[in-house]
Every structure is written in structure tokens, then in C-alpha cells.
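I opened my notebook for a friendly look at one model. Here is what I looked up, entry by entry.

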Amino acid sequence: MRLPNRSRSEYAVRTAIVVLTLAVLQYTGLVVDGAGIDPGHLAAVAVLFPAFSYLIDVVVANVRATSE
């Protein structure tokens, strides 16, 4: 099984971009009814996004390895 070779800082930057984008969308009221930021939702995204992103990268690395 191969593991992805991305650094942790890349995952941190991508997570920050996703969380900030969601915060802006929540603040403007485009994601949920009414304006306001839901800190619980943002915290869940901040925890789950890097984990699932890493798992997707593991799958991609292994698919590429088997196709070669």
C-alpha cells in the first residue's frame, strides 16, 4: 500500500481555505437560512475535511500504483 507524499502544511492550507470559505458563505446567509456563523459546523468540517482528504489521497495513490 502506498501513501501520499503531500506535506501536512498542504492539508492545513486546504483545510483553512475550505473552513474560511464556509464561514463567509454562512455569514452572508448563502448556506443556511439567516446570517450567522455556526461554530459547531465549522469545527466539524475543520476536523473531518483533512481526514477524508487524506483518505482520498491514499486511494488515488494506490489506484495509480496498480495501473502502472
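I began with Y11, which is buried, at a relative accessible area of 10%; buried means under 20%, exposed over 50% and partly exposed in between, with a 1.4 Å probe and protein chains only. This is a predicted model, where local features need pLDDT of at least 70, side-chain atom pairs count only at pLDDT 80 or more, and totals for chains, interfaces and linings use all residues. Residues are numbered from 1 along each chain as its sequence is written, and side-chain values use heavy atoms, with hydrogens and water left out.

Next I searched the whole structure for aromatic pairs and found one. The ring centres of Y11 and Y54 lie 6.0 Å apart with the planes at 65°, so I noted the pair as edge-to-face (rings of Phe, Tyr and Trp, the latter by its six-membered ring, pair with centres within 6.5 Å; planes under 30 degrees apart are stacked, over 60 edge-to-face, the rest tilted). Y11 sits in helix α1 (residues 8-28) and Y54 in helix α2 (residues 39-67), 43 residues apart; helices are DSSP runs of H or I with at least four residues, numbered from the N terminus. Y54 is partly exposed, at 33% relative accessible area.

Then I turned to T15, also placed in helix α1. T15 is buried, with a relative accessible area of 9%. I asked what T15 touches, not counting residues up to four places away in sequence. My list reads A46, F49 and P50, where contact means heavy atoms within 4.5 Å.

Last, I looked up L48, which lies in helix α2 and is partly exposed at 44% relative accessibility.

Definitions and conventions. Helix = DSSP H or I, 4+ residues; strand = E, 2+ residues; numbered from the N terminus.
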